[in-house]
Amino acid sequence: GDEEELRVEEQKVSVAYGGDVAAAKKAAADEVRSARQELEAREDDLANYELGEHEGRVRSIEDQIAGLGDPMRLKQVEAAKMNSAVPHVGKWVYEQVGGGSKEAAEAKVLGPMLLYLDLPDKGHQKLAVQAFPARTLTSFLARDEGTRDQLQDELKRRGPQTRITVFRNRAKTFSPAPNRPSSADMKRFGVTAWLDEALRIRDDLRGEVLAFLKQQMGVDTYLLATPAAVGKIDALQQFLQQSGMTGVTVLTPERVYRFGRSKYGARAATSSSSLPQRHRHAACFSVVVDTSRKKELEGQLKEARKGLELKRKERQAVERDVGQLQQKLDAAKGRQVELNNNTVRLNRLAARIDQAKKRLDPARESVADFNADAQKEGYRRRLCDAHQRSLDSLQKAAAAVKRHEAALTKLALVRVGLAAAEAQLAEAEGNTDELDERIARLRREAEAAKAELQAVREGLAGGLMHEKGPDSAEALAKALGY
């Protein structure tokens with residue numbers, strides 16, 4: 001069986017591995033080594049696709065953008081400093097007018113107005129405070145009559161302490177005075193810009209907001225100027241008069257100048273100046289985002305995220321390759337293990353056959369040396385001896401049976417004589433001594449006959465026990481009446 005199994009297994013392995021198991025083992029080892037080298041090389045490539053640097057760059061730009069601050073929230077804080085009711089009214093507008101949507105609320109109401117005004121130039125921030133009253137900066141602009149009435153009703157409900165103004169301005173576009181000279185033409189006088197030019201406002205709201213500011217505080221009549229304008233203020237006033245522009249306020253860091261015309265007589269030109277006033281909302285325009293920097297950072301963030309995503313996809317491709325190479329290595333290892341297991345199984349079968357052969361050779365030698373005739377003659381002699389012993393035992397048993405029968409007869413005669421004597425004794429009337437002695441003698445003879453019978457039986461049973469075994473002895477004992 002083992003030899004046949006070994007032959008079959010060797011044939012299977014030979015067919016599976018092209019008839020050369022040694023070459024197959026070498027090829028399997030080479031395949032495993034090659035697959036491992038490929039895997040290790042691709043794993044090393046992963047080092048070129050680390051995401052940490054790209055992720056760090058994205059976070060850094062995000063932090064820079066966050067560092068610019070949330071201008072809307074900060075402006076809301078500044079508006080609340082000017083009027084504590086502003087955040088409450090703003091919340092009401094957001095919830096009741098906008099239904100919880102900033103876009104929906106803004107479609108109906110703009111406010112407080114400070115949220116929509118930016119002055120990027122720090123010098124302009126300080127000057128503009130002189131132009132804007134707190135009432136204008138904290139006001140709300142209703143974009144239709146129904147919303148204006150709804151908001152005014154809410155302010156009335158809140159009471160006079162609210163002190164918030166609601167305006168309704170129908171103008172959607174802004175146009176400065178037609179005879180207003182360009183600020184570029186007045187740079188020689190220390191002028192930097194008209195206030196409406198300096199203000200940065202969302203493009204989609206700019207015309208509407210500036211139209212509102214023109215109506216409320218004449219935003220198109222304020223000039224922003226440097227300290228150099230103080231020494232050239234007369235020349236600036238004359239230039240404006242020649243251009244036909246009156247009612248102008250020039251804001252400088254040191255003084256505020258107002259140019260106009262007299263309401264009386266020849267309506268001569270007038271001018272006045274004053275020191276800048278101190279306002280509680282002096283820092284309201286300092287809350288501003290450098291939109292150019294923010295736009296630049298947002299562009300960088302977009303590119304950084306694209307780079308990160310590209311690197312992530314490239315890394316995923318490498319990781320897929322690593323996974324496939326790992327599967328390739330595992331498969332090669334599996335084939336190598338299978339080959340090794342087959343080889344081990346063949347070696348075990350060969351070892352079992354060698355052990356079986358070592359046990360089989362002495363047995364074959366013993367069979368070769370076996371003399372059947374001599375063995376038969378020996379068994380024949382032993383059988384004859386046993387037969388003779390059996391005959392002797394049977395003869396002894398026959399003699400014992402005869403002795404047993406004689407003992408039984410003797411015992412029966414003694415018992416008959418004893419019975420007759422006992423009968424005579426019962427009938428005797430006179431001297432019975434002779435009968436008593438006779439009965440005693442017969443009883444002794446009966447006991448002796450019983451003892452002799454017992455001895456014959458035991459002797460016969462012992463002989464059968466020796467020759468036939470305990471079963472035959474027990475059968476005899478039952479036959480003899482035990």
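Student: Which strand does β5 pair with in the parallel sense, and over how many bridges?

Tutor: This is a predicted model. In it, β5 pairs in the parallel sense with strand β6, residues 248-251, over three bridges. Within that pairing, Y222 has T249 of β6 as its bridge partner. Between the two strands the chain passes through helix α12, residues 233-243, and this β-α-β crossover is right-handed.

Student: In what sense do β4 and β5 pair?

Tutor: Strand β4, residues 191-194, pairs with β5 in the antiparallel sense, over three bridges. There, A193 stands opposite L224 of β5.

Student: Which residues of β5 point one way, and which the other?

Tutor: Y222 and L224 point one way from the strand, while L223 and A225 point the other way. Are these residues buried or exposed? All four are buried.

Student: What is the order of the strands in the open sheet?

Tutor: Three strands form it, in the order β1-β2-β3, and the pairing is mixed. β1 and β3 are the edge strands, each pairing on one side only. The contact of β1 with β2 is an antiparallel pairing over two bridges, in which V109 stands opposite A142 of β2.

Student: Which residues of α11 are buried, and what covers them?

Tutor: The buried residues are E208, V209, L210, A211, F212, L213 and M217. Their cover includes β1, α8, β2, β3, α10 and β5.

Student: What describes a pair of aromatic rings?

Tutor: The distance of the centres and the angle of the planes describe such a pair. The structure holds three aromatic pairs. One of them is F132 with F285, a tilted pair at 5.3 Å centre to centre, with 55° between the planes.

Student: Why does that pair tie together parts that are apart in sequence?

Tutor: F132 lies in the loop between α7 and α8, and F285 in the loop between β8 and α13, so the pair ties together parts 153 residues apart in sequence. Both F132 and F285 are buried.

Terms used: Residues numbered from 1 in each chain as written. Predicted model: local features only at pLDDT ≥ 70, side-chain atom pairs only at ≥ 80, totals over all residues. Heavy atoms only, no water. Buried < 20%, exposed > 50% of the residue type's maximum accessible area, 1.4 Å probe, protein only. Pairing = 2+ DSSP bridges. Right-handed = clockwise from strand over helix to strand, strands pointing away. Phe/Tyr/Trp six-rings, centres within 6.5 Å; stacked < 30°, edge-to-face > 60°. Contact = heavy atoms within 4.5 Å.
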